[in-house]
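Here are my notes on this model, as numbered points. Please read them with the structure open.

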Amino acid sequence: MALKPFTRDAWIDAKPAAVFAVLADLDQADQWHPILRIKRLTEGPLEVGSGWVEVRADAKGKPSASTVRVTAMEPGLFALHVDHKAVDLDCTFRLIPVESGTRVEYECTGKGKGLARFFGGAIAKEIERVDGDILDRLAAQMARPSRPKTKGREAAKPKAKGGKAKKSR
């Protein structure tokens, strides 16, 4: 059973190329995304086919791993396939230049696996719990001054300031 698509959109005060650079930089991911750990499966800069295993906390606070692969990577588009034990997800960031910034449209679609096929509503709520503020966190990361990148950091995730990303319907 397919999950109800999860969508968000927001305006970010940065050019699309700068937003894309943050999305495609795994070394910054732990600064704005709810990831506990990342282990690269491929070397070098991200490109279509690149992959990694990311560990997040599940609804009970326990570590839960997913394998992530880049499925599209071109100006204005960054797409990922997430293979989790309970669900397959396809997540897309569309970057649209507007005024002096970027409109970011985020969409996540998927379907449950095995018995999880029957719990689509609960899975959709969990995705919203974890990624409901994804664009707020991305905007906050874009507003931070540049700082040196370090691998393996498990820093606390700062809270976004200002307005919330609007829910799309």
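1. Is C108 buried or exposed? C108 is buried, at 3% relative accessibility. Buried means under 20% relative accessible area, exposed over 50%, and partly exposed in between, with a 1.4 Å probe and protein chains only. C91 is also buried, with a relative accessible area of 7%. A search of the whole structure finds zero disulfides, a disulfide being a pair of cysteine sulfur atoms within 2.5 Å.

2. A word on the basis. This is a predicted model, in which local features need pLDDT of at least 70 and side-chain atom pairs count only at pLDDT 80 or more, while totals for chains, interfaces and linings use all residues. Residues are numbered from 1 along each chain as its sequence is written, and side-chain values use heavy atoms, leaving out hydrogens and water.

3. Helix α1 spans residues 16-23. Helices (H or I, at least four residues) and strands (E, at least two) are DSSP runs, numbered from the N terminus. In α1, V19, F20, V22 and L23 are buried. Seen down the axis of α1, these buried residues fall within an arc of 160°, so they line one face of the helix. The arc is that of the directions from the helix axis to the C-beta atoms.

4. Which way do α1 and α4 (residues 134-143) cross? Their axes come within 11 Å and cross at roughly 105°. Axes are lines fitted to C-alpha atoms, for helices over the stretch in contact, and angles run from 0 to 180 degrees between N-to-C directions. The two helices, α1 and α4, are therefore roughly perpendicular (65 to 115 degrees).

5. The contact (heavy atoms within 4.5 Å) is made by A18, V19, V22 and L23 of α1 with L138, Q141 and M142 of α4. Six of the residues in this contact of α1 with α4 are nonpolar, one is polar and none is charged. Ala, Val, Leu, Ile, Met, Phe, Trp, Tyr, Cys and Pro count as nonpolar, Asp, Glu, Lys and Arg as charged, and the others, Gly among them, as polar.

6. Helix α4 is mostly covered, with eight of its ten residues buried. Among them are D136 and R137. D136 lies 7.8 Å from A10, C-alpha to C-alpha, yet the two are 126 residues apart in sequence. A10 sits in strand β1 (residues 6-12) and is buried, at 13% relative accessible area.

7. Check E99. Its phi is positive, about 45°, although E99 is not a glycine. E99 lies in the loop between β6 (87-98) and β7 (101-112). At 83% relative accessibility, E99 is exposed.

Note on methods. Angles under 35 degrees count as roughly parallel, over 145 as roughly antiparallel, 65 to 115 as roughly perpendicular and the rest as oblique.
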